[in-house]
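Here is a short report on one protein chain. Look at the sequence and the model first, then read on.

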Amino acid sequence: MHKRREAGGVSVRQARQSALDRDQRTWEENRLLSSGAALRSEVDLTFANEDDTRVQLLVHQIRPPFLREGRASFSVVREAVPTVRDATSDFARMAREGSATLARLREKKER
């Protein structure tokens, strides 16, 4: 084993550790990709000109249906929903009085 290390070879322990690291990296990338938190880290940027095909697209209607003059409506609600206001709610009270942290900051600023 000492001869392999001296000759530039990799020891069994180092080979096992690098395999474990590679497996760990692969597993973490798989979890990130499946959760949608990350995108592929490697993108294949090699393109072959033979595979490229050109498609012509003719568009007759430029405006989408929901922007036309009231012809199509995809909403079920026809009028605005009224806002419910509660003066005794926790949010309203905290907005009026302020939090304890805000009171401390104001007091500290006044000094």
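## Basis and overall layout

Helices (H or I, at least four residues) and strands (E, at least two) are DSSP runs, numbered from the N terminus. This is a predicted model, in which local features need pLDDT of at least 70 and side-chain atom pairs count only at pLDDT 80 or more, while totals for chains, interfaces and linings use all residues. Residues are numbered from 1 along each chain as its sequence is written, and side-chain values use heavy atoms, with hydrogens and water left out.

The chain has four helices and zero strands. Its pattern along the sequence is α-α-α-α.

## Surface and burial

Buried means under 20% relative accessible area, exposed means over 50%, and partly exposed lies in between (1.4 Å probe, protein chains only). Of the 111 residues in the chain, 2% are buried.

Accessible areas come from the Shrake-Rupley method with a 1.4 Å probe; for residues, only the protein chains shown count as cover. The chain exposes about 11,900 Å². Carbon and sulfur atoms supply 54% of that area.

## From α1 to α2

S11 sits in the loop between α1 (2–6) and α2. S11 is buried, at 7% relative accessibility. Its side chain reaches the backbone nitrogen of Q14 at 3.3 Å. That is a polar contact: a pair of N or O atoms within 3.5 Å, where within protein one must be able to donate a hydrogen and the other to accept it, and residues adjacent in sequence count only if both atoms are side-chain atoms.

Helix α2 has 24 residues. From first C-alpha to last, α2 reaches 35 Å, close to the 34 Å expected at 1.5 Å a residue. The expected span is 1.5 Å times one less than the number of residues in the helix. After α2 comes G36, with a positive phi near 85°.

## A nonpolar patch

Patches are made of residues with over 30% relative accessible area and no salt bridge; like charges are joined within 9 Å, and nonpolar side chains (Val, Leu, Ile, Met, Phe, Trp, Tyr) within 5 Å. L57, V59 and I62 form a nonpolar patch on the surface. Together they have about 390 Å² of accessible area.

V59 lies in the loop between α2 (12–35) and α3 (90–97). V59 is exposed, and its relative accessible area is 56%.

How many buried residues does α3 have among its eight residues? The count is zero, and α3 is hardly covered. G98 follows α3 and has a positive phi, near 90°.

A salt bridge is a side-chain nitrogen of Lys or Arg within 4 Å of a carboxyl oxygen of Asp or Glu. The structure holds two salt bridges. One of them joins the side chains of R93 and E97 (3.5 Å, N to O). R93 and E97 are four residues apart in helix α3, so about one helical turn separates them. R93 is partly exposed at 33% relative accessibility, whereas E97 is exposed at 52%.

## The chain's end

R111 is in the segment after α4 (100–110). Which residue does the side chain of R111 meet in a salt bridge? The partner is E107, at 2.9 Å from N to O. The side chains of R111 and E107 are also joined by a polar contact of 2.9 Å.

Is R111 buried or exposed? R111 is exposed, with a relative accessible area of 74%. E107 is partly exposed, at 43%.
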